Amino acid sequence: MIHSMSTTTISDILTPPVHPTGLNGEEQMDTAFDDIKGTVGTQTVDDPKMSAHGVDVFYGDKQAIFDVSLDIGNNEVIAMIGPSGCGKSTFLRCLNRMNDTIPTCRVSGSMSLDGQDLYDPSLDPVLLRARVGMVFQKPNPFAKSIYDNVAYGPRIHGLAGNRAELDDIVTESLKRAGLFDEVKDRLDSPGTGLSGGQQQRLCIARTIAVSPEVILMDEPCSALDPIATARIEELIDELRQNYAIAIVTHSMQQAARVSQRTAYFHLGKLVEVDDTNSVFTNPQHELTENYITGRFG
Amino acid sequence: MSTSQLLIIALVLAALAFFAGRARAWAVAGESGGIRSLHSLPIHHGAMVALWCLLPALVVIVGWKLIEPAYISAVVADTVPAEVSAKGRQNVSLYRNEVENLAADGDVSDVTDEGKRLLGERLIAQRSSSRIALSLLVIAIALGGAAFAYRKIAVPMRARHSVEGAVRFLLVSSASIAILTTLGIVLSVLFESMRFFQQVNFVEFVTGTSWSPQTAIRADQIGSSGSFGAIPLFTGTLLISAIALLVAVPFGLMSAIYLAEYASPRVRNIAKPLLEILAGIPTVVYGFFAALTVAPAMRDFGQMIGLSVSSESALAAGMVMGIMIIPFVSSLSDDVITAVPQAMRDGSYALGSTQSETVRKVVIPAALPGIVGGVLLAASRAIGETMIVVMAAGLAANLTANPLEAVTTVTVQIVTLLTGDQEFDSAKTLAAFALGLMLFVVTLVLNVVALYVVRRYREQYE
């Protein structure tokens with residue numbers, strides 16, 4: 001166990017969803033919960049990059065995820081949507097074992113990357129996280145220079161043999177994150193001094209600098225203004241050429257814009273997953289329809 | 001009535017005024033449609049009446065006591081016998097003092113000298129009339145103030161604002177007391193130091209390498225004229241502080257890292273208070289631990305490996321002092337390390353770094369300014385520390401960088417210069433103030449730097 005404190009606190013994740021209209025009582029909620037018999041739609045893809053099967057997640061005694069099975073394909077963006085507390089962030093954090101930092105968290109079921117079990121005791125979570133990178137809700141640059149922020153990962157993994165190679169990696173990562181032109185004259189100034197959108201792109205640059213295979217994004221635009229959001233979305237679309245991307249978002253428009261597949265989570269269960277188009281135009285499950293038509297969430 | 005009785009009466013009156021004011025505020029509220037119609041709560045009205053009762057009375061008491069002595073001496077001046085006043089003011093004052101002492105018990109009928117008895121009787125009479133007048137005045141003012149405020153109680157009356165103004169005044173004066181005291185200390189040390197520098201050249205004091213403060217006390221005494229070069233003392237202080245920091249910084253920092261990053265909450269909750277107990281051990285206990293346990297052990301160990309270690313060595317004192325300031329370093333470092341946002345750690349883990357990489361390359365660099373601030377505070381504590389070095393470091397003013405020898409420090413010399421019967425006009429005793437001033441300046445600079453560094457750190461995540 002690494003550290004007990006976390007910005008995504010357990011209570012955040014466990015807070016029951018708020019239902020402003022429509023559903024207005026415990027009874028109705030329970031009915032809705034029991035209604036979710038299984039997942040509607042296509043959970044699997046032909047050539048999965050990552051795949052989860054029958055995953056349950058517990059925080060202490062409380063179960064946060066119920067029997068979720070879901071594949072993440074190569075070169076696709078899969079969006080995870082759903083009301084607060086539905087378990088989508090928890091599921092995402094299980095995919096690179098970031099939940100190890102929460103001592104009470106327990107995961108059962110199987111999760112794999114390229115067929116290799118993520119929770120196999122012989123697997124080193126540290127190496128896993130180098131292959132499955134993560135971008136967080138709030139930009140979290142290190143208290144270092146812009147250059148050192150990006151060079152951090154390559155340095156600890158020994159990806160660069162000399163300074164010139166490191167320079168190349170940093171430049172290339174910043175370019176692919178669409179940040180290079182804005183910061184090329186001040187690579188030595190602190191990363192914390194950038195604007196929110198720039199900080200988030202710096203964090204994306206930092207993530208792609210270690211050449212991961214999958215990038216997990218936990219509401220990467222929720223702290224950004226619409227212009228910065230648009231830039232990040234463009235970036236996500238470009239990154240899809242090289243990576244598998246899973247993105248948790250509260251914005252259904254964003255899910256519709258950036259993703260190829262969409263998964264709808266509700267109360268810890270995966271309700272529906274399918275092509276983004278069909279989920280948004282022709283949802284199969286009543287809960288999904290309620291959510292995307294704005295009846296709650 | 002004596003002054004203390006008068007104060008008690010004023011307080012009792014104020015308490016009564018409080019209840020009266022509150023009751024009247026309730027009554028006013030009842031007449032005008034309930035408590036919500038009042039601008040201020042009844043308790044504020046009560047407090048306002050109490051303050052109006054108490055504060056003017058206190059001002060009068062203090063003012064009266066300041067003026068009274070001068071007034072009485074002016075009134076009784078003509079009773080001093082002419083032959084005494086003819087000899088000058090000093091004699092008058094002596095004479096007055098003598099009579100004051102005789103009159104202290106309030107009865108001078110047994111005094112044989114007629115002039116003194118007369119003066120004593122007048123003094124006593126004046127005192128008692130002054131006291132009666134003050135009592136009446138204070139009670140009148142207290143009642144008057146209370147009545148004035150009581151009559152002001154009304155629906156729109158902003159009693160809350162006046163009470164909060166009074167509270168604010170109280171807070172401001174409390175804060176000023178600390179500042180004024182510091183100022184007073186600085187000034188007293190400064191003036192004594194200036195007297196010292198009239199006798200000893202400032203440059204010689206700051207740059208001299210020989211410290212031997214034994215001056216001849218009488219003109220006919222044979223003895224050294226004394227030399228006041230402070231360099232050996234400051235070298236000793238710096239040597240011991242450096243040893244202390246060499247002990248405290250690594251151990252303190254590493255225990256802070258363990259507590260903040262690795263320890264489970266249960267271990268942390270037990271270990272952190274235990275570590276902080278180190279700060280609660282009286283320094284005199286550390287002192288005899290250093291002098292009686294560590295220093296002899298070190299001397300024996302030195303003998304064993306063929307080193308000559310003095311039985312009072314800078315090393316022993318410095319090491320024990322280092323243990324003493326470990327909590328300063330560890331506690332402050334622990335706070336700043338814990339303050340590093342978890343998001344930064346998560347970012348590092350998400351890039352595939354291990355815990356120790358995260359600590360070394362992300363957490364510590366982010367917390368470094370705060371850690372430096374903590375170390376500087378510990379350093380100023382080490383420089384000013386007295387008891388350990390008095391007991392364990394020795395008195396010999398050696399100019400040496402060898403930690404195995406006995407050295408002396410600024411604080412030790414201040415203690416030895418000022419203990420015992422001393423006249424405060426010789427260069428020897430005044431030197432203590434000059435040393436104190438320089439020490440104060442050094443620690444002040446360190447503290448200012450530390451505060452500056454810590455403050456810069458605070459702004460970093462906001």
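For my notes, buried means under 20% relative accessible area, exposed means over 50%, and partly exposed is what falls in between. I'm working on a predicted model here.

**Chain A, positive phi**

I started with A:Asp114, which sits in the loop between β5 and β6 (116-117) of chain A. Its relative accessibility is 43%, so I put A:Asp114 down as partly exposed. Phi of A:Asp114 is near 50°, a positive value in a residue that isn't glycine. I flagged it because most residues other than glycine have a negative phi.

Next I went to A:Arg97, another non-glycine with a positive phi, this one about 60°. I found A:Arg97 in the loop between α3 (88-95) and β5 (105-113) of chain A. Buried or exposed, I wondered, for A:Arg97? It comes out at 13% relative accessibility, so A:Arg97 counts as buried.

**Chain B, overall**

I counted up the elements of chain B and have 16 helices and two strands. Its radius of gyration is 33 Å, well over the 23 Å that the globule rule gives for 462 residues, so chain B is more spread out than a compact globule. The C-alpha trace of chain B spans about 85 × 85 × 35 Å along its principal axes. I also noted that 40% of the 462 residues of chain B count as buried. Looking at chain B contacts between residues at least 6 apart in sequence, I see that 73% join residues at least 24 apart.

**Helices α9 and α11**

I then looked at how α9 (residues 265-280) packs on α11 (residues 314-339) in chain B: the angle is about 140° and the axes are 7 Å apart. Angles over 145 would count as roughly antiparallel, so α9(B) and α11(B) go down as oblique to each other. The crossing of α9(B) past α11(B) is left-handed. On the α9(B) side the contact residues include B:Arg268, B:Lys272 and B:Leu275, and α11(B) brings among others B:Ile323, B:Ile326 and B:Pro327. Sorted by class, this contact has six nonpolar, three polar and five charged residues.

**Other spots in chain B**

I checked B:Ser380, which lies in helix α13 (residues 355-384) of chain B. At 10% relative accessibility, B:Ser380 counts as buried. What does B:Ser380 contact, leaving aside its neighbours within four places in sequence? I get B:Thr443, B:Leu446 and B:Asn447.

Last stop was helix α15 (residues 410-418) of chain B, where the buried residues include B:Val410, B:Val412, B:Ile414 and B:Leu417. Just after α15(B), I noted B:Gly420 with a positive phi of about 90°.

Methods: Residues numbered from 1 in each chain as written. Chains lettered and ligands numbered in written order. Predicted model: local features only at pLDDT ≥ 70, side-chain atom pairs only at ≥ 80, totals over all residues. Heavy atoms only, no water. Helix = DSSP H or I, 4+ residues; strand = E, 2+ residues; numbered from the N terminus. Buried < 20%, exposed > 50% of the residue type's maximum accessible area, 1.4 Å probe, protein only. Contact = heavy atoms within 4.5 Å. Axes fitted to C-alpha atoms, helices over the stretch in contact; angles between N-to-C directions. Parallel < 35°, antiparallel > 145°, perpendicular 65-115°, else oblique. Left-handed = near helix turned anticlockwise from the far one by under 90°. Nonpolar A, V, L, I, M, F, W, Y, C, P; charged D, E, K, R; others polar. Rg over C-alpha atoms; globule rule 2.2 N^0.38 Å.
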